[in-house]
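Student: I'm new to this one and would like a close look at a single part. Could you walk me through how some of the helices pack, and then show me a few residues around them?

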Amino acid sequence: DKYLLLAREFPRAGLALARFDFRGSGESTGREDETTIATRIEDVAAVRAALESHPRLDGRFGLLGSSLGGFVALFVARDTGLPVVTWNAPADLSGLSERAETPALGAPFRAELSAGAHRRAPAGVARHLVIQGDRDEVVDMAHGLALHRAGAPPRELALIRGGDHRLTEMAHRLEALTRSRDWFLRFFA
């Protein structure tokens with residue numbers, strides 16, 4: 001539902017929005033247990049490449065990712081300089097592969113983490129807005145604080161009081177949406 005809300009509100013502000021499922025997730029093909037952070041970064045690059053030639057877009061892009069999608073977006077933002085917004089994204093994936101609630105993460109993902117690749121979010125990402133629910137039951141607020149500390153200016157931290165991981169309450173989603181929209185307009189105006 002939060003993505004449907006973004007899809008409704010961003011265009012009203014003059015921002016186009018492309019939403020996609022990483023391979024093996026949602027309606028995408030592939031198997032999630034064969035994916036890694038590296039494959040997800042490739043997915044973002046493929047979507048961006050497809051959009052770059054779209055006749056109604058002017059070539060200015062930003063990234064918005066929630067949870068693990070936000071973690072991935074930070075690597076892309078580091079490499080491209082694009083403005084980025086993360087919603088309840090982890091700063092560090094250490095221990096993730098052992099957690100019971102992540103059964104879809106397969107051997108390639110675990111091997112990537114064991115090798116140390118993409119274990120921690122990149123430091124020094126500029127133009128990063130961190131949106132973090134202070135009652136997130138999946139990604140503790142300490143992750144949002146760490147992402148903000150590790151970023152480079154300009155950066156901001158927006159704590160959503162009472163916000164859970166999915167920003168279930170409409171007021172929390174609207175606050176995250178408004179902050180996200182305004183962040184992108186700051187760089188695209």
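Student: Is the crossing of H1 and H6 right-handed or left-handed?

Tutor: The crossing of H1 and H6 is right-handed. Before we go further, keep in mind that this is a predicted model. Now for the geometry. Two packed helices are described by the angle between their axes and the distance between the axes. For this pair, helix H1 covers residues 2-12 and helix H6 covers residues 170-188. They pack at an angle of about 45°, and their axes are 11 Å apart. The roughly perpendicular range begins at 65 degrees and the roughly parallel one ends under 35 degrees, so H1 and H6 are oblique to each other.

Who does the touching? On the H1 side, the contact is made by Lys2, Leu5, Leu6, Glu9 and Phe10. H6 brings Met170, Arg173, Leu174, Leu177, Ser180, Arg181 and Phe184. Sorted by class, the contact of H1 with H6 has seven nonpolar residues, four charged ones and one polar one.

With that pair in mind, have a look at H2 and H3. Their axes come within 9 Å and cross at roughly 65°, and H2 passes H3 in a right-handed crossing. From H2, the contact takes in Ile37, Arg40, Ile41, Val44 and Arg48. From H3 come Leu68, Phe71, Val72, Phe75, Val76 and Thr80. By class, that makes eight nonpolar, two charged and one polar residue in the contact of H2 with H3.

Thr36 lies in the loop between H1 and helix H2, which spans 37-52. Thr36 has a relative accessible area of 10%, so it is buried. A polar atom of the Thr36 side chain lies 3.2 Å from the backbone nitrogen of Ala38. Leaving out residues up to four places away in sequence, Thr36 touches Pro108, Phe109 and Glu112.

For a contrast, go to Asp79, which sits in helix H3, residues 68-80. Asp79 has a relative accessible area of 54%, so it is exposed. Asp79 and Pro122 are 43 residues apart in sequence, and their C-alpha atoms are 9.9 Å apart in space.

Next comes Asn88, in the loop between strand E2 (84-87) and helix H4 (107-114). Asn88 counts as buried because its relative accessibility is 1%. The side chain of Asn88 reaches two backbone atoms: the nitrogen of Gly133 at 2.7 Å, and the oxygen of His165 at 2.9 Å. Again setting aside residues up to four places away in sequence, Asn88 touches several others, among them Ser67, Ile131, Asp136, Val139 and Leu167.

Ile160 has 0% relative accessibility and so counts as buried. The C-alpha atoms of Ile160 and Ile131 are separated by 7.1 Å, with the two residues 29 apart along the chain. Not counting residues up to four places away in sequence, Ile160 touches Ile131, Gln132, Gly133, Asp134, Leu167, His172, Glu175 and Ala176.

Note on methods: Residues numbered from 1 in each chain as written. Predicted model: local features only at pLDDT ≥ 70, side-chain atom pairs only at ≥ 80, totals over all residues. Heavy atoms only, no water. Axes fitted to C-alpha atoms, helices over the stretch in contact; angles between N-to-C directions. Helix = DSSP H or I, 4+ residues; strand = E, 2+ residues; numbered from the N terminus. Parallel < 35°, antiparallel > 145°, perpendicular 65-115°, else oblique. Left-handed = near helix turned anticlockwise from the far one by under 90°. Contact = heavy atoms within 4.5 Å. Nonpolar A, V, L, I, M, F, W, Y, C, P; charged D, E, K, R; others polar. Buried < 20%, exposed > 50% of the residue type's maximum accessible area, 1.4 Å probe, protein only. Polar contact = N/O pair within 3.5 Å; in protein donor to acceptor, adjacent residues only side chain to side chain.
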